[in-house]
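Please keep the sequence and the model in view while reading.

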Amino acid sequence: RAIAEALEGIPPRRIPEVPRTLRLSGLEPLVFRPDLNFVNIGERTNVTGSRRFARLIREGRYEEALDVAREQVENGAQMIDVNMDEGLLDGVQAMTTFLNLIATEPEIARVPVVIDSSKWEIIEAGLKCLQGKGVVNSLSLKDGEEVFKERARRVRQYGAAVIVMAFDEQGQADTLERRIEICRRAYRILTEEVASRPKTSSLTRTSTPSPPASRSTIATRSTFWRPRAGSRRTCPTRASRAASRTCRSPSGATSPCAVPCTRCFSTTPCRPAWTWASSTPASSASMKKSTPSCASASKTYSSTADPTPPSA
């Protein structure tokens, strides 16, 4: 009664309008704001991305495998990708054990986790162990709509975000038209039938080859997410994001490698972007700066003479 009397005549708090954007979390939040730069996903905790990590997991040395995850976060990874798809492993047991151990390490658990697997039972085992909001990599329509909807509902119940691959019953999308068709179909199913609140239209992952890995390139062997403006033409929400690897020159300079154009999905950029001048980046020491197609010439830079190329 005293509280009611004290608040008499005072209007209730106005609920703020929260921007609709992708929000992930470990122990700490990771908000995909419009001004957010590239998001680094450390992939050394992937049995196909690190021989050392794969060997430690096969031998059951999980405490030492945690050091790999810790190094990723200390070197700047804002998310870590955990994959246990290996023929000699019990993927469900390995994923469960490793994620439970991560949860006891605050310096690792503070970042969101990407559960990466081609097997649904491994993905679900990982979802049961996540704290915060992680990401499932990935779902696709290759097994049909009913399976896609059932798995999407399960992911939603576990409170995770999802990456949708551009696959359907006919296979991988190999043209712009097929990519738009599959992504539009997946988007419609997720927003109209599964009823997920859309925060990004879709997430497509297109990876290009990376140079040979070494212990000195842990910080650069990451996955970068960037907006793809083309989705705005077909989906009524924010732009989707695409993933690409990075390339490292012999002098140490890094740059995005083979990133599709953010305006038209073409691999020939319509605005300046850094690409490798050779098809074999590991053995090439030169990079070129692509210019718009209307330009009359392009300028080539040598990574040995100019180890820090100007920003595009």
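A search of the whole structure, which is a predicted model, finds 18 salt bridges. They belong to a chain with eight helices and 17 strands. Of its 312 residues, 46% count as buried. The chain exposes about 16,400 Å², and carbon and sulfur atoms supply 50% of that area. Among contacts between residues at least 6 apart in sequence, 62% join residues at least 24 apart.

With 14 residues, 145-158, at 1.5 Å a residue, H7 should span 20 Å, and its end C-alpha atoms are in agreement at 20 Å apart. Which residues of H7 are buried? They are Phe148, Lys149, Ala152 and Val155. These residues cover an arc of only 125 degrees around the axis, which puts them on the same side of H7. In general, an α-helix has 3.6 residues a turn, so residues three or four places apart point the same way. Glu146 and Gln157, on the other side of H7, are exposed. The cover over the buried residues of H7 includes helix H6 (120-127) and helix H8 (176-193), together with strand S6 (135-139) and strand S7 (161-164). After H7 comes glycine 159, with a positive phi near 80 degrees.

Arginine 185 counts as partly exposed at 23% relative accessibility, and glutamate 169 is partly exposed at 43%.

Where does another such pair link distant parts of the chain? The side chains of arginine 70 and glutamate 105 meet in a salt bridge, 3.1 Å from N to O. Arginine 70 is in helix H3 (residues 62-74), while glutamate 105, 35 residues apart from it, is in the loop between helix H4 (91-102) and helix H5 (106-109). Both arginine 70 and glutamate 105 are buried.

One further pair is glutamate 59 and arginine 61, a salt bridge whose closest N and O atoms are 2.5 Å apart. Glutamate 59 is partly exposed, with a relative accessible area of 45%, and arginine 61 is partly exposed at 30%.

Terms used
Residues are numbered from 1 along each chain as its sequence is written. This is a predicted model: local features need pLDDT of at least 70, side-chain atom pairs count only at pLDDT 80 or more; totals for chains, interfaces and linings use all residues. Side-chain values use heavy atoms; hydrogens and water are left out. Helices (H or I, at least four residues) and strands (E, at least two) are DSSP runs, numbered from the N terminus. The expected span of a helix is 1.5 Å times one less than its number of residues. Buried means under 20% relative accessible area, exposed over 50%, partly exposed in between (1.4 Å probe, protein chains only). The arc is that of the directions from the helix axis to the C-beta atoms. Contact means heavy atoms within 4.5 Å. Accessible areas come from the Shrake-Rupley method with a 1.4 Å probe; for residues, only the protein chains shown count as cover. A salt bridge is a side-chain nitrogen of Lys or Arg within 4 Å of a carboxyl oxygen of Asp or Glu.
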